[in-house]
Amino acid sequence: MDNMSADEKRRAAGQGNYFCASLFCCIAFICGMNAAWACSFLEREVVLSENFTADCMAAEISEDVCNALTETQGIGFYGFEVTVPVDQRLCLGYTQHIEGVGYVTPDFDTKFNSAKAFTVVANVFGGVAFLTLWLASCCAMSQERIKGLSCHFFIATFFQGLTFLIYRSVVCHRGFFSEYFQGMETDEDGIPVDILDVNCSLGSGGKLAIVATVFYFLCLNMIPTAVPPTPLGMRENAAGTTEPEAATEEPFTEEPKTAEP
C-alpha cells in the first residue's frame with residue numbers, strides 16, 4: 001500500500017466511496033419502496049367513549065366496522081391496517097362497502113395527497129440513481145456523470161423526508177373514518193361524539209422511511225468523490241493489457257484408419 005502513488009490512493013478511496021454509495025443506495029431504495037406501500041406508515045390510536053360500541057351497534061353499523069376503531073390502526077398511503085380476531089393484522093383499501101350506505105371513501109386533504117406524491121418522487125429519483133450506479137460496473141461511465149447523481153440524491157433525500165407530512169394530515173384528526181360511521185350521533189363538525197381524540201405514532205413504514213432518508217443523505221455526501229470502476233469487459237491484467245476472451249477450441253477427432261492391403 002505504501003508503494004501506491006497519490007493518484008492511485010485517491011482512486012482507491014474514490015472506488016471505495018463508489019461501492020459504499022452503491023450499497024447504501026440499494027438499501028435506501030428498497031426501504032423507500034417498502035415505506036411507500038406499507039399499510040402502517042403510522043399507527044393511529046383512537047380514544048373512544050365508554051358508550052362507543054353500544055352506540056355504534058345501535059346505529060345498525062356492522063360489528064366489524066365498529067371493532068375497527070377499538071384497536072390501533074395502521075395508516076398507509078394506499079391502504080390501512082386493522083386487527084381482526086384473533087390478533088391478526090389485515091390490510092384493507094380505503095374504499096369500503098358499508099351496509100345500507102354503499103361504497104364510501106374517507107376524505108383526504110392536501111397534506112396527505114402531497115405526502116403520497118412525495119413518495120413517488122423520492123422513489124423515482126432514488127431508483128434512477130440506483131440503476132445508474134449499478135450499471136456503471138458493466139458500462140463505461142465518466143466520473144462527471146457519477147457526480148451528476150448528487151442532484152438525484154438531493155431530491156430523493158428531500159422528498160423522502162417530506163413524506164412525514166402525513167403526520168400533519170387529516171388521518172391524525174378525529175374526523176378521519178367518520179364516513180364509515182354514518183347514523184351515529186355527531187357534533188357540529190359531523191364527527192361522531194363518541195370519538196374523543198386521536199394519537200398518531202411512528203409505524204413500520206415510517207421507520208423504513210427514516211432509514212431511506214438517512215442512507216440517501218449518506219449517498220449525497222459520498223457521490224462527489226466516488227470513482228466508478230473499470231467496466232468488467234475492459235479490465236486489464238497484470239501486464240497492463242486487456243484480457244482477451246477465452247478462445248474456443250475445436251473438439252479433437254481422430255482420423256479413421258484405413259486397412260492396409
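How do the residues lining the largest pocket divide into nonpolar, polar and charged, and what are the counts? In this predicted model, the lining splits into 13 nonpolar residues, seven polar ones and four charged ones. The space in this largest pocket comes to about 530 Å³. Of the 24 residues that line the pocket, Asp-64, Val-65, Ala-68, Val-82 and Leu-92 are the closest to its centre.

Stepping back to the fold, the protein chain has seven helices and seven strands. Read from the N terminus, the order is α-β-α-α-β-β-β-β-β-α-α-α-β-α. The chain holds 261 residues, and 37% of them count as buried. As for contacts with a separation of 6 or more, 76% are between residues 24 or more positions apart.

Next come the charged pairs. Side chains of opposite charge can pair when their charged atoms come close. The count here is three salt bridges. One of them joins Arg-89 to Glu-43, with 3.5 Å between the closest N and O atoms. Glu-43, at 18%, is buried, and so is Glu-81, at 17%; the cut-off for buried is under 20%.

The other salt bridge is between the side chains of Arg-174 and Asp-187, at 3.3 Å from N to O. Both residues lie in the loop between helix H6 (149–162) and strand E7 (195–202), so the pair ties together parts that are 13 residues apart in sequence. Arg-174 is partly exposed at 23% relative accessibility, and Asp-187 is partly exposed too, at 24%. Shared partners, meanwhile, join Glu-43, Glu-81 and Arg-89 into one salt-bridge network.

That leaves the aromatic rings. A pair of aromatic rings is described by the distance of the centres and the angle of the planes. Searching the whole structure turns up 25 aromatic pairs. Take Phe-164 and Tyr-167: their ring centres are 6.2 Å apart and their planes meet at 15°, so this pair is stacked. The cut-off that matters for that label is planes under 30 degrees apart. Phe-164 counts as partly exposed, with 23% relative accessibility, and Tyr-167 is likewise partly exposed, with a relative accessible area of 23%.

Phe-164 and Tyr-167 also belong to one aromatic cluster. Alongside them, the cluster takes in Phe-41, Phe-77, Phe-80, Tyr-94, Phe-108, Phe-112, Phe-176, Phe-177 and Tyr-180.

Key
Residues numbered from 1 in each chain as written. Predicted model: local features only at pLDDT ≥ 70, side-chain atom pairs only at ≥ 80, totals over all residues. Heavy atoms only, no water. 1 Å grid on protein atoms, 1.4 Å probe; cavity = no way out; pocket = protein on both sides within 12 Å on 5 of 7 lines; lining within 4 Å. Points joined across faces, edges and corners; volume = space filled by probe spheres on them. Nonpolar A, V, L, I, M, F, W, Y, C, P; charged D, E, K, R; others polar. Salt bridge = Lys/Arg side-chain N within 4 Å of Asp/Glu carboxyl O. Buried < 20%, exposed > 50% of the residue type's maximum accessible area, 1.4 Å probe, protein only. Helix = DSSP H or I, 4+ residues; strand = E, 2+ residues; numbered from the N terminus. Phe/Tyr/Trp six-rings, centres within 6.5 Å; stacked < 30°, edge-to-face > 60°. Contact = heavy atoms within 4.5 Å.
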